[in-house]
Structure formats: C-alpha cells, structure tokens
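Open the model in a viewer and keep the selection tool at hand. The tour below goes from stop to stop, with a note on what to select at each one.

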Amino acid sequence: MRQMKPVRVIAVTSGKGGVGKTNISVNIGVALAKAGRRVAILDADMGLANVDILLGMFPEFNLSHVLSGEKTLQEIMMTGPAGLKIIPASSGIQRMSDLSSVEQAGVIRAFSDIDKELDVLIVDTAAGISASVVNFARACQEIIVVVCDEPTSLADAYAYIKLLNRDYGLNSFHIITNMVQSAEHGQALFNKLSKVTDRYLDVALHFVGAVPQDDYLKKSVQKQTPVVEAFPQSKSALAIRNLARKIDHWPIKPKAGGYLEFFVERMIQYSAREDVA
C-alpha cells in the first residue's frame, strides 16, 4: 500500500470581496515555495477565478476536465513563480454533487496521487457565505479569514465565522488583517473582531499578522507578479514572508484530514448533502 503523507490544507477566505484575499493566497504560496515547501493553490472561486490573472497565466484546462476524465490533475496544473503549482478550478467543483461513484473515486485518486508531491495546498475560496465557500472551508484543516478596516469587512467576517461555528461546529479561525496603516492598526483591527466573537460565539481567533497598505503591492498587481517576487524588500513583501513563516510552523493536525484524498472526500460529501437539501 502506498504510504500517504500529511499535507497542510488551508482555506483562505473572507466575508466580503475586495479585501485582497487572493493576493494574500498567491503571495503566501510563493513565499512558502521560496522557503523550500512544495505548494499548490486550488483556485476555488467559481464565479470570478483570478489566481491565474494575478500571475499573468492563461489556463487552457481546469478541474472540470479532470472530473470529466479528459485530463489528469497533473496535466491541468500550471507552474508559477518559485515552482508554485496552480490548479485552475473554474466551474469544475459545481458539478461535484453530480459525480457517479466511479467519477468520485477517480477525483479522490487524482488528488491522493499528488499528496507525495505537496507539502501545502492553499484553497483560495470565493468571498461570501455561499454553500460552495462554506463547503471548501469545512473540508480544509485550517481556515484563514482575511479582513480589512471597513465596517462591512468586519461585519461579514463575523457573519461568516458565526455560520461556520453555529451550523457546523467549527471553532478555530486564523485572522489576517490586510491593507492596514501599521502593525498596531492591524492588531487593533483583530482585537475589534475578537471582542465581538468572544462575546457572542464559542470560537478562538488566532491572529496571524497584518499586511500594510503598500503602493508596491498595487504595482505588483499591475505587473501581474507577486509582490514577494517583484518587490521583495517592500513592506508588504516582508510582512507576507513573516506570515508564511508563521504558517509554516503550524502543527499539521494528526488526523485523517491530513491527507489530500480526505479533503476531496469531504468536498464531495458536503456537496452531495447540499444538493439533497
């Protein structure tokens, strides 16, 4: 029997759009890859997939071609900066609930076949609290919620955490504050969210860190190059590398969910339940 290895599976998500979630996903992925980790990003934003856009890439195939049996997972994966792998999802996951048992087994096997090639899988979800977003988050080992200093961002992040806590029993969340004026500003923003969750929810929020507002970050988006590559000494790049170091030291949870095939099994299971509901 092939020996499987644990893979760190992390959802990067947000209550609302426009908070820089995908930029955070891509740059943390590149930073981890530069540190010697084997990293892939699953672009799980079905409506507005844009990991490829941030990297100036143009995928010909996506996960839907794996589901249909036309391509293998290795064949659709693209290689980005520092060897970062990109799994374009596009509309692929939308039909997971319609897969036959044979197709389900094929998709699970496709992911389990690459577990020996990866250390980290980052799942870049869509914003909001749709069933697809919630299912991705539930299937991952760790959830990072990205927030910025806007009332709607904090309110939507709280609503998202509340939903996952009260409806699905999740009680541990990591928080990254983005586009802040200073480290102190980022900490204060986290404290504001934590104060509300401590009062009304049974959850633990863990502050990963803050990414400052930075013109170099905007320039890197225009260049379609991650800021940790384009401007490695910028404030935002330094902050993101610090976040990546922290994430790299998180313990990998010693349970079945540590393997990629169990992540995909849960995705199919949750999608099927949603379809029945």
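A residue is called buried here when its relative accessible area is under 20%, exposed when that value is over 50%, and partly exposed in between. With that cut-off in mind, select helix H6, residues 131-139. The residues of H6 that count as buried are Val-133, Val-134, Asn-135, Phe-136, Ala-137, Arg-138 and Ala-139. Because seven of the nine residues in H6 are buried, this helix is largely enclosed by the rest of the structure. Bear in mind throughout that the model is predicted.

**The whole chain**

Zoom out and colour by secondary structure. The protein chain has 12 helices and eight strands. Of its 277 residues, 53% are buried. Among contacts with a separation of 6 or more, 78% join residues 24 or more positions apart.

**Helix H1**

Select residues 21-34, which form helix H1. How many of the 14 residues of H1 are buried? The count is 13, so H1 is largely enclosed by the rest of the structure. Just after H1, pick Gly-36, where phi is positive at about 100 degrees.

**The largest pocket**

Three elements each supply at least two lining residues: helix H1, strand S7 (172-180) and helix H9 (215-223). Colour the lining by class, and it divides into seven nonpolar, nine polar and five charged residues.

**The largest cavity**

A search of the whole structure finds one cavity of 30 Å³ or more. The largest cavity has a volume of about 30 Å³. To see its lining, select Asn-23, Val-26, Asn-27, Leu-54, Ser-220, Val-221, Thr-225 and Pro-226. H1 and H9 are the elements that give two or more residues to this lining. The largest share, three residues, comes from H1. By class, the cavity lining has four nonpolar, four polar and no charged residues.

Move to Gln-224, in the loop between H9 and helix H10 (227-230). Although Gln-224 is not a glycine, its phi is positive, at about 55 degrees. Its relative accessibility is 34%, so Gln-224 counts as partly exposed.

**Helix H11 and Ile-240**

Select residues 235-248, which make up helix H11. At 1.5 Å a residue, the 14 residues of H11 should span 20 Å, and the end C-alpha atoms are 20 Å apart, in agreement. To mark the buried residues of H11, pick Ser-236, Ala-237, Ala-239, Ile-240, Leu-243, Ala-244, Ile-247 and Asp-248.

Centre on Ile-240, which is found in H11. Is Ile-240 buried or exposed? Ile-240 is buried, because its relative accessible area is 1%. Leaving out residues up to four places away in sequence, Ile-240 touches Asn-27, Ile-28, Val-211, Val-227 and Val-228. One of these, Asn-27, also lines the largest cavity. Then draw a line from the C-alpha of Ile-240 to that of Ser-25: the two residues are 215 apart in sequence and 9.9 Å apart in space.

**Two loop residues**

Go to Ala-82, in the loop between strand S3 (78-79) and strand S4 (85-88). Phi of Ala-82 is near 60 degrees, a positive value in a residue other than glycine. With a relative accessible area of 40%, Ala-82 is partly exposed.

The last stop is Asp-113, in the loop between helix H5 (101-112) and strand S5 (120-125). Asp-113 is partly exposed, because its relative accessibility is 31%. Select Leu-73 as well: 40 residues separate it from Asp-113 along the chain, and their C-alpha atoms are 8.9 Å apart.

Notes:
Residues are numbered from 1 along each chain as its sequence is written. This is a predicted model: local features need pLDDT of at least 70, side-chain atom pairs count only at pLDDT 80 or more; totals for chains, interfaces and linings use all residues. Side-chain values use heavy atoms; hydrogens and water are left out. Helices (H or I, at least four residues) and strands (E, at least two) are DSSP runs, numbered from the N terminus. Ala, Val, Leu, Ile, Met, Phe, Trp, Tyr, Cys and Pro count as nonpolar, Asp, Glu, Lys and Arg as charged, and the others, Gly among them, as polar. Buried means under 20% relative accessible area, exposed over 50%, partly exposed in between (1.4 Å probe, protein chains only). The expected span of a helix is 1.5 Å times one less than its number of residues. Contact means heavy atoms within 4.5 Å. On a 1 Å grid over the protein atoms alone, a cavity is a set of points where a 1.4 Å probe fits but cannot get out, and a pocket is an open set with protein on both sides within 12 Å along at least five of seven lines; lining residues have an atom within 4 Å of a point. Grid points are joined across faces, edges and corners, and a volume is the space filled by probe spheres set on the points.
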